[in-house]
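Hi,

Here is the structure I promised to pass on. Have a look, and my notes come after it.

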Amino acid sequence: MRKIIYLLPFGLLIVGCVSTSGVPKDGVEISGKITYDRVPASTTYDGMARLDYAHTRKVASKNILVKAVDTTGKVLAQTTTDKNGKYSLYVPANTDVKIRAYARMYKKDTWDVSVVDNTNQKALYVVEGEYHNSENKHNIRNLHASFGWTGDGYTNQRIAAPFAILDSINQAMEKVKDADKDAKFPQLTVNWSVNNVASPGDPDSGQIITSNYDGERQLWILGDANGDTDEYDDHIIIHEWGHYFEDQFSRADNIGGPHSPGEALDIRVAFGEGWGNAWSGIATDNPIYFDTSGYKQSTGWYMDLENGAQDNPGWYSEGSVQRILYDLYDSTNESHDKTSLGFKPIYKVLVGAEKNTPAFTSIFSFIDALKRENSSQKSNIDKTVSYEQISKITDAYGTNRTNYANSSVVIPIYKTISLGETITVCTRNNYGVYNKLGNRDFVKVRIDKDGTYQFNINADDYNSDPDIVLYPTKYPHKEKAISSYEGSPNDTLLIDLKKGDYLLDVYDSSFNSSCMRLSLSKATNLSKQNVKGLAKPNYNRLRRIKRRYY
């Protein structure tokens, strides 16, 4: 049987029940199995990772949509494969039909994940067989999506890639279902193409920078042969899906941007990226995180999520976060790790207390909640956390830090400002800019009475450009407003506020190392007249940097 790849415009998909033709089950049964080529990775002692084409396996395509189509294009019946890649459906006797398997996992009211070609109008990937006559007896029709590798390169079509991506995501979703059988997954689109390269530019042309989640229920996955392909890098796929999970099930305060495990990062980034790394190991039960790339996909890298080197450990390190989370989950214990919680307690915190924490999401908010919900494990959790040079966590705000990463301005992690008060906030760029430790100062605000309030900020350096972003402390914890001026060493935020608690993210958008004086006052009658005019442009400025989660 000839197998081909077929592309269908995503917008033309018809979603229905198991059978769309009304054919009773005493019609002719067609059954079979859908499989794809899975290329494993192998690692070397010197830290390299490569795709091992010699040990490619034929793997079942689980939970994917399968249709029987007649010569007019009419869908006669449809179903989904089971966990073994098997399907069964019924069609009229003596009818010319073909079987088509879609790169789409679909289960009504549970999940809907599609892999599309972002460089071809979001066309959905499909593998199908040739037309055959159903006759009047049971038909067996198997389909196989091949990897396209011929030894010297991808000289044939890479049909298996979309199905490999789906299988990795299926593994992640099944792990969540193990923790919560009632979990429902909002629709997700995965953009993969052989044209997707590690370059900035137009994503619809394949310039996606790197594999990422865009915060809009879309993954973007690299497919650049001899550059960087990720379709078989299950840890990469599941890491990015982990950002989708945060966005749809928990909360993602992560501000995005580049990062690595050894960097000193903004606490929101450190937790979000450390979670993504740890989650890839949790979902696969494999702590070896790899990313294959280079000529013949042979010069990538890998890291050990559990026993990797502690490069710059601390509360600001994604490396520390990933090791803590994985150690809390797994059953392999070391001298500093006596906890084997499994995923369910971690899941419960993420979709509950972490989602609703009044603080920014970080290792502090997570561990504080985890200890409260697992009180019998407090001392063991503290020991695991302490191993990463993080002193005992007592609240969601990281109070009483002693490790300040050679930059004293970063502690306390949260300052407090009261009405009528002026405080000094300082930022530093010694670890980099935008999302690194010291780039931003966090300030807690309590408003005791409904009214109009004014935040003013004045920088010592004329070349500075301070900004104030205001957040509520209740879910969904989205930005409420931003200060009004750009390109000035002075800025102001004038806003109506209800009684309650708020957070400020204060930073210098020029990313200089600078100190600024921040004050809070009740607005005057004159300034109140400007509130309505300031509100909309303030909020719109929040979108000037599109967040992507790498």
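Below are my notes on two residues, Thr284 and Arg38.

First, the ground rules. This is a predicted model, where local features need pLDDT of at least 70 and side-chain atom pairs count only at pLDDT 80 or more, while totals for chains, interfaces and linings use all residues. Residues are numbered from 1 along each chain as its sequence is written, and side-chain values use heavy atoms, with hydrogens and water left out.

Arg38 sits in strand E2, residues 28-38 (strands are DSSP runs of at least two residues, helices H or I runs of at least four, both numbered from the N terminus). Arg38 counts as buried because its relative accessibility is 10% (buried is under 20% relative accessible area, exposed over 50%, partly exposed in between, with a 1.4 Å probe and protein chains only). Its side chain makes a polar contact of 3.1 Å with the side chain of Tyr36 (a pair of N or O atoms within 3.5 Å, one able to donate a hydrogen and the other to accept it; residues adjacent in sequence count only if both atoms are side-chain atoms). The Arg38 side chain also reaches the backbone oxygen of Ala164, at 3.1 Å. Tyr232 is 194 residues away from Arg38 in sequence, yet their C-alpha atoms are 7.1 Å apart.

Thr284 belongs to helix H3, residues 267-284, and is buried because its relative accessibility is 15%. Its side chain has a polar contact with the His235 side chain at 3.5 Å, and a polar atom of that Thr284 side chain lies 3.5 Å from the backbone oxygen of Gly281.

Cheers
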